[in-house]
Structure formats: C-alpha cells, structure tokens
Amino acid sequence: MRDLKIINARIPDYEQDCIREAELLIRDGKIEKIRERGAITEETAETIDAKDQIVSAGFVDIHAHEDAPKGNFFTSECCLKMGVTTKIAGNCGDTFEDMPHFAERLKKSGSPTNYMIFLGQNTLREMVGANDRYAPSTPEQLEKMKEIVKNSLPYAPVGLSCGFEYAPGVTLEETLDLLTAFDKKDYIVSVHFRSDGPCAAASTEEVVELSKRSGYKVQMSHIGSCSAVGYMRDTLDVLDKARAEGVDIMSDCYPYHAFCTGIGTAVFDEESFSKWDYSDLMITAGPYKNQRCTKELFEKLRKEDPDMYVVAFVMNEEEIDMAYKQPYVMVGSDCGFVEQAGHPRGAGTFPRILGYYVRERKVMSLMDALKKMTLLPAQRVHLTHKGEVKEGYDADLVIFDENTIIDRATFEEPTLPPEGISYVLLNGEVAVRNNEIVNGRLGTYIPYAPAAKRG
C-alpha cells in the first residue's frame, strides 16, 4: 500500500464548526498527518489534487439494507458511488443472510463497503417457524430465537432490529423478552414503527416505552415514512419529551417524499387504503414498471408477485425538512434494490442532501448535513476511528465539489450514480474515481463494540 497525499483539500472541522484548508498524508490505511497546505513534503507519496473540493469522512449509512447479497453487492456498489463507506444493515426486522456466515465471508473476500449488522427480529421468527405475521410467537419459538441470538453474539451484532409494521403480531412483551438474550453491552434497538399517519405518535410512544423498559438505546427508523404525512410535529413532540426525560432515542430520515416496500407486505393490508389511493403506488420492475397501480393491478401483483417493490408517493417534503432540522435526526438511505429495481434513495440519498437540501434549498448548513452523515452515525454505533477527518483515523474519505454535487437517480431510473463526487477512498485506497469503481472489495465486516472514548 503506497503512501497517499491529498493536496488542496478543504476539510470539515467539527470541533471548530468550520471548513478549513489542509492537506493530508495517508499511510497504512490511516490519516497520519493533517497540515497546512504545502507543509507535507513526502515526495514518494502518490498525490491526489482535491482542487479545493471538500474532503469529508466517508458517509456512514445508519439505516441500510442490501439485496440479499450472497455474492451480489449491487446495492452496496451504488452506495459506494454516492460516498457511503460503512453501512449499518439488517434493519426493519430483516437480516438478509445468516449473520455468522456473512461476517466470515466478508472477512475473507471483502465487499464494496464496510458492514455492521443488526439481528432482525422478523428473520429470527422465520428461522424458528413463526411464519404467521399476524400472530405472536409461541414460548417455544421465543426460546429458540433467544438461543440464536446468544449464538450470534460472538459475531458482535449492533443489536436487534424490529419491524413491527411488517409483523403486526409481534408484541412489545415478546420483544422485551427477546432482548434478554443480549448481554447488556450497550446494544442498540432499531425499530420500524408499528403504524404511520394518525398512529404515528402512538407508535413512537411504543418505541420510547421499549427503550425505557429494556434499558437499551433506540434508533427509530426513517421518521419521514412514519410521520411526514401530516403528523411530523406530533412525533417530534413525543421524541423531544422522551429525550428531555433522559431516554436515549434518535432517528434517521431519507430525503424523499415517497417510501418503498414490498407490495405483499402488511404495510398494504386493506385498511391502509383508507389513508391513500391505489394510484399513489408506482411499480418498480417487470412488465408494469413505472406504471401507477389500479385496484385490479394491485391485487394481481400482491397475489402473484408479493416481493415486488412499489413506491408510495404519500409524504410531504416540508415535514421531511422539519425532521432534518432536529439535532437527533441523521441521514439514512433505507436503501436496497431487488434485481436492480427500487427507490432512488439507494443511489442518491447522500448527494441529494448536499445538493438539493443544502445548496439549493438551504434546509440545513453544509456542516450540519455532513455531521448527520458522518460524525453522528459513527458515534451512534461506536466507530471510534471513523466519521471525522482527524489524525489517526481511518482513511475512509469522500472528495466532492460542493458546488456541483447532486443526485441523478430518479423514480423511473433509480440506480443512476450522482454527479460531483471525484473520489471515494476506503482504508486509504481509491475505491471509486469519477463514478467508476476501481476496487470494489476494500470493505469488511466490522464487529460492534461497547461505547468507548473517541479519538
């Protein structure tokens, strides 16, 4: 691994809350030196001229998914191109693969990004035969799930992820019992709410109660899809009150006014159409790709192709803005493609924040946005040497032009790469150059560790 020097850089300094000029020396995958421009004299180092672009820590996607990789990392490659260097996956109750096998495979052969993994409650239910999503698990099934959790702990999962909306039969008591299988090492519980819209505040209160009774900190998933349908203020009031009482609860949000999920899930049970219309749904793949649903087409696909992703245009952009203005709401992509089809958030989330939300609409400052994509999520999952451009930290970096960066992925073409990112580095090596993947196997599995002092 050759030394690498980055000149003419502008780096975010979170301690001083500013962007400052600097140059960097990278050695053995770490940031060894940060100096004033012209002060690093190593002549043998390969040089990247940042040309006054921002050199940020690689983006940490606090709410990620994958397309059941098992050798196929299409979603992860899209994430890498938009600057994501670490993905926190296994959310919404869904772990896409046996965790020990996945961890060992990544350690052996690498992946486009680094990974940390939640154990998915709904996947655990399926593994023990609790296949009725409308019924609680039996005591025998719950004991089997707890045994799987215990056997997975040596692989250091981030914690448990819950998908209450996808498995309405899961009770709070069942979840609390399952959490006793963890060993109280400061794990996180990631929770996809039970119901959105008019029930958003009550669903958030349940998440708060879960944290209070379990003693674990909670990451409430994609607050926009829960509440940006007229109920964001109610949800934020619940979170503000809980945080004031000392509950360690935070959230994440993707920067789009539409959600996406499988057409056969409980999300689209009959009662959901009291809140929206069939025509709000767009099909993402197959012979009906990019068409809006009718009742007849919806019922046909729900029966014949229940795993088909559909996009639901039911959210309000101004409420997404409201969420991002909260200091405890981070950026998460909720990404995941099925057969290279799905939602543009899987290829556009982070550039969209920097281009559309920061530069064009000024919903938040550049420093606030970067903090929500780097420092805050890194701190949340105890990545003590990621999330900042500092000496001694891992050289996971994104070099981008703040004046041109923008997402290109659309709902009709959701996998298009962004503009304005010139380099993505992972462990000190070039992974992406101008949207072309140079090395797509630099990432690995990162075990979760208890809280530790940063730096």
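Let's start with T47, which sits in strand β4. Strands here are DSSP runs of E with at least two residues, helices are runs of H or I with at least four residues, and both are numbered from the N terminus. This is a predicted model, where local features need pLDDT of at least 70 and side-chain atom pairs count only at pLDDT 80 or more, while totals for chains, interfaces and linings use all residues. Residues are numbered from 1 along each chain as its sequence is written, and side-chain values use heavy atoms, with hydrogens and water left out.

Is T47 buried, exposed or partly exposed? T47 counts as partly exposed because its relative accessibility is 42%. (Buried means under 20% relative accessible area, exposed means over 50%, and partly exposed is in between, with a 1.4 Å probe and protein chains only.) Setting aside residues up to four places away in sequence, T47 touches L4, K5 and I7. Contact, by the way, means heavy atoms within 4.5 Å. I7 is 40 residues from T47 along the chain, yet their C-alpha atoms are separated by 7.2 Å.

A45 belongs to the loop between β3 (30-35) and β4 (46-49). With 7% relative accessibility, A45 counts as buried. Leaving out neighbours within four places in sequence, A45 is in contact with R2, D3, L4, K5 and L25. For A45 and C79, 34 residues apart along the chain, the C-alpha atoms are separated by 28 Å.

Strands of a sheet pair through backbone hydrogen bonds, either parallel or antiparallel. Two strands pair here if DSSP finds at least two bridges between them. Strand β2 (residues 18-27) pairs with β3 in the antiparallel sense over five bridges, and L24 stands opposite I34 in β3. Two residues lie between the strands of this β2 and β3 hairpin, where D28 takes a positive phi near 55°.

Now for β19 (residues 421-426), a mostly covered strand: six of its six residues are buried. β19 pairs with strand β18 (residues 397-400) in the antiparallel sense over four bridges, with Y423 in β19 as the bridge partner of I399. Another four bridges join β19 to strand β20 (residues 429-433), again antiparallel, and there L425 stands opposite V430. The hairpin of β19 and β20 has two residues between its strands, and N427 takes a positive phi near 55°.

## A three-strand sheet

Which strands make up the open sheet, and in what order? Three strands do, in the order β14-β16-β15, with antiparallel pairing. β14 (259-262) and β15 (281-283) stand at the edges with a single partner strand each, so one side of each has no neighbour in the sheet. From one strand to the next, the twist averages 30°. (Axes are lines fitted to C-alpha atoms, for helices over the stretch in contact, and angles run from 0 to 180 degrees between N-to-C directions.)

β15 is joined to strand β16 (residues 309-312) by three bridges, and the two run antiparallel. V310 in β16 is the bridge partner of I283.

Why is helix α5 (residues 172-179) described as largely enclosed by the rest of the structure? Because six of its eight residues are buried. Those buried residues are L172, E174, T175, L176, L178 and L179. They pack against α3 (121-127), α4 (139-152), β10 (159-163), β11 (188-192) and α6 (200-214).

S227 lies in helix α7 (residues 223-227). S227 is buried, with a relative accessible area of 0%. Not counting residues up to four places away in sequence, S227 touches A200, M232, T235 and E319.

## The largest pocket

The largest pocket has a volume of about 1,100 Å³. Of the 44 residues that line this pocket, D94, Y166, T261, T265 and Y309 are the closest to its centre. α3 and β14 each supply at least two residues of the lining. A pocket is found on a 1 Å grid over the protein atoms alone, as an open set of points where a 1.4 Å probe fits, with protein on both sides within 12 Å along at least five of seven lines; lining residues have an atom within 4 Å of a point. Grid points are joined across faces, edges and corners, and a volume is the space filled by probe spheres set on the points.
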